[in-house]
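Work through these exercises with the structure open beside you. Try each task before you read its solution.

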Amino acid sequence: MWQQTLITLRPKPRGFHLVTDEILAALPELRRYRVGLLHLWLQHTSASLTVNENADPAVRRDFERFFNRLVPQGESDYEHDYEGPDDLPAHFKGSLLGCQLSLPVRDGQLAMGTWQGVYLGEHRDHGGARRILATLHGEVP
């Protein structure tokens, strides 16, 4: 069985945010899948998706500090700055982390590790709502 859902995430401030629960709330039919895959495709170039620590918020703050050091804002040799000084650094961060995830589904739930969660990396100062195209494929009894 195949299913596709467009999920709109609420706007979030710059930083890394756990969005696992927001995604699962938009996919109640996932509970029917015995085995499968959930593919998430973020339809934006200035944000990202990744899987990491879901318990300690310090990890998300450390992620933000690390990526801000890795890709600093305000570099004088950045040419693409039409939408502001955070624009090109946001694109770099989005490319480094990526815009898609494939997550295993087992017995009606995501088969992630105990301490894993889905992060939205919001790399713009004011990114707005973000859209994720969720494609669910698998066996339904």
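**Exercise 1. Find which residues histidine 44 is in contact with, leaving aside its neighbours within four places in sequence.**

Solution. The model is a predicted one.
Step 1: locate the residue. Histidine 44 sits in the loop between β3 (35–42) and β4 (47–53).
Step 2: list the contacts. Beyond those sequence neighbours, histidine 44 is in contact with Cys99, Ala129, Arg130 and Arg131.
Step 3: look for polar contacts. The histidine 44 side chain makes one with the side chain of arginine 130, at 3.2 Å. A polar atom of the histidine 44 side chain also lies 2.8 Å from the backbone nitrogen of arginine 131.
Step 4: check burial. The relative accessibility of histidine 44 is 16%, and buried means under 20%, so histidine 44 counts as buried.

**Exercise 2. Decide how the rings of phenylalanine 16 and phenylalanine 63 are arranged.**

Solution. Step 1: pick the two quantities. A pair of aromatic rings is described by the distance of the centres and the angle of the planes.
Step 1: test the distance. Rings pair if their centres lie within 6.5 Å. By this rule, the count is seven aromatic pairs.
Step 2: test the angle. The ring centres of phenylalanine 16 and phenylalanine 63 are 5.2 Å apart and the planes stand at 70°; over 60 degrees counts as edge-to-face, so this pair is edge-to-face.
Step 3: Phenylalanine 16 belongs to strand β2 (residues 15–18) and phenylalanine 63 to helix α2 (residues 57–70). They are 47 residues apart, so the pair links distant parts of the chain.
Step 4: check burial. Phenylalanine 16 has a relative accessible area of 6% and is buried. Phenylalanine 63 is buried too, at 16%.

**Exercise 3. Classify the ring pair of phenylalanine 63 and phenylalanine 67.**

Solution. Step 1: read the geometry. The centres of these two rings, phenylalanine 63 and phenylalanine 67, are 6.2 Å apart, with planes at 40°.
Step 1: Phenylalanine 63 and phenylalanine 67 both lie in helix α2, four residues apart, which is about one turn of the helix. Both are buried.
Step 2: widen the view. Ring pairs link Phe16, Phe63, Phe66, Phe67 and Tyr119 into a cluster.

**Exercise 4. State the order of the five strands in the open sheet, and say which stand at the edges.**

Solution. Step 1: recall the pairing. Strands of a sheet pair through backbone hydrogen bonds, either parallel or antiparallel.
Step 1: give the order. The five strands run β1-β8-β3-β5-β6, with antiparallel pairing.
Step 2: find the edges. β1 and β6 (109–110) each have a single partner strand, so one side of each is left without a neighbour in the sheet.
Step 3: inspect one pairing. β3 and strand β5 (residues 100–106) pair over seven bridges. Tryptophan 41 has glutamine 100 in β5 as its bridge partner.

**Exercise 5. Work out how far apart threonine 20 and valine 118 are, in sequence and in space.**

Solution. Step 1: locate threonine 20. It lies in helix α1 (residues 20–25).
Step 1: compare the separations. Threonine 20 and valine 118 are 98 residues apart in sequence and 5.0 Å apart in space, C-alpha to C-alpha.
Step 2: find the atoms involved. The threonine 20 side chain reaches the backbone nitrogen of valine 118 at 2.7 Å.
Step 3: check burial. Threonine 20 is buried, with a relative accessible area of 14%.

Note on methods: Residues numbered from 1 in each chain as written. Predicted model: local features only at pLDDT ≥ 70, side-chain atom pairs only at ≥ 80, totals over all residues. Heavy atoms only, no water. Phe/Tyr/Trp six-rings, centres within 6.5 Å; stacked < 30°, edge-to-face > 60°. Helix = DSSP H or I, 4+ residues; strand = E, 2+ residues; numbered from the N terminus. Buried < 20%, exposed > 50% of the residue type's maximum accessible area, 1.4 Å probe, protein only. Polar contact = N/O pair within 3.5 Å; in protein donor to acceptor, adjacent residues only side chain to side chain. Contact = heavy atoms within 4.5 Å. Pairing = 2+ DSSP bridges.
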